[in-house]
Amino acid sequence: MTDECCQKKSCELEKLTQRQSKVLWIVLAINTVMFGIEVVSGVLANSLALTGDSLDMLGDAIAYGSSLYVINRGQRAQASSALLKGGIMFISAIVVFSRAVYQLSFDTIPTLEIMSSIGAVALCANLLCLFLLTRHRDDNINMSSVWLCSRNDIIANVSVLIAAGLVALTHSPLPDLAIGFLLAVIFAKSAGKVVSQAWQSFERV
């Protein structure tokens with residue numbers, strides 16, 4: 001009876017891992033493609049908000065790849081992966097903040113058509129990612145951290161669209177810069193949360 005129970009649990013765990021892996025591959029592909037689209041669009045549109053969102057996509061793609069690497073490994077490896085994700089979020093925050101400071105010396109209004117259209121596409125892509133990851137967010141620290149990354153993407157996407165609307169109303173680049181600074185703060189706070197969870201997981205190992 002015990003052996004049968006163990007085999008059943010092992011089979012269920014293997015199926016869960018396969019489902020997690022399939023989802024992670026899908027969201028990895030989506031984020032990689034969207035990073036390429038957004039980083040080029042952000043530069044062409046002179047949009048800090050769009051550039052910041054592209055870095056978030058890159059960070060998530062790396063995070064999903066890391067999660068795939070540790071999906072069949074132990075809790076310590078998953079905690080290490082979460083620490084990596086936290087580090088990526090911190091780096092994204094620093095990059096976006098630095099670019100915001102740099103762009104303060106210019107008075108270039110972002111190209112609204114590019115900002116709004118690419119921002120809307122990115123929002124749809126990330127809503128799909130969040131939907132796919134939501135059922136797995138409580139599986140373990142690995143899936144919990146990638147779900148948090150995806151949730152942040154939605155916030156970033158909506159922020160880009162808000163920035164585009166405010167730029168259109170004010171004819172000023174300041175809303176775009178303000179959203180860029182806001183994204184940097186969000187990245188930093190999320191990084192702190194992920195690192196804290198990972199550290200607690202290390203202590204339990």
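Beyond its neighbours within four places in sequence, Ala122 is in contact with Met34, Glu38, Asp53, Met57 and Asn157, contact being heavy atoms within 4.5 Å. The model is a predicted one, in which local features need pLDDT of at least 70 and side-chain atom pairs count only at pLDDT 80 or more, while totals for chains, interfaces and linings use all residues. Residues are numbered from 1 along each chain as its sequence is written, and side-chain values use heavy atoms, with hydrogens and water left out.

Ala122 belongs to helix α4; helices (H or I, at least four residues) and strands (E, at least two) are DSSP runs numbered from the N terminus. At 0% relative accessibility, Ala122 is buried. Buried stands for under 20% relative accessible area, exposed for over 50%, and partly exposed for what lies in between (1.4 Å probe, protein chains only). Ser54 is 68 residues from Ala122 in sequence, and their C-alpha atoms are 9.2 Å apart in space.

Asn126 is another residue of helix α4, and its relative accessible area of 0% makes it buried. With neighbours within four places in sequence set aside, Asn126 is in contact with Asn31, Met57, Ser150, Asp153, Ile154 and Asn157. Met57 and Asn157 are also among the contacts of Ala122.

Leu133 is in helix α4 as well, which covers residues 112-134. Leu133 is buried, at a relative accessible area of 0%. Not counting residues up to four places away in sequence, Leu133 touches Val23, Leu24, Val27, Tyr64, Met143, Val146, Trp147 and Ser150. Of these, Met143 lies 10 residues from Leu133 in sequence and 7.7 Å from it in space, C-alpha to C-alpha.

The buried residues of α4 are Met115, Ile118, Gly119, Ala122, Leu123, Ala125, Asn126, Cys129, Leu130 and Leu133. The helix has 23 residues, which at 1.5 Å a residue should span 33 Å, and its end C-alpha atoms are 32 Å apart, in agreement. The expected span is 1.5 Å times one less than the number of residues.

Relative accessibility of selected residues:

| Residue | Relative accessible area | Class |
|---|---|---|
| Ala122 | 0% | buried |
| Cys124 | 54% | exposed |
| Cys129 | 0% | buried |
| Leu169 | 68% | exposed |

How many disulfides does the structure hold? There are zero, a disulfide being a pair of cysteine sulfur atoms within 2.5 Å. Cys124 counts as exposed at 54% relative accessibility, whereas Cys129 is buried at 0%.

For the chain as a whole, there are six helices and zero strands, in the order α-α-α-α-α-α from the N terminus on. Of the 205 residues in the chain, 47% are buried. Among contacts between residues at least 6 apart in sequence, 83% join residues at least 24 apart.

The chain exposes about 10,300 Å², with 67% supplied by carbon and sulfur atoms. Accessible areas come from the Shrake-Rupley method with a 1.4 Å probe, and for residues only the protein chains shown count as cover. Val158, Ile162, Leu166 and Leu169 form a nonpolar surface patch with about 360 Å² of accessible area together. Patches are made of residues with over 30% relative accessible area and no salt bridge; like charges are joined within 9 Å and nonpolar side chains (Val, Leu, Ile, Met, Phe, Trp, Tyr) within 5 Å. A salt bridge is a side-chain nitrogen of Lys or Arg within 4 Å of a carboxyl oxygen of Asp or Glu. Leu169 lies in helix α5, residues 141-170, and is exposed at 68%.
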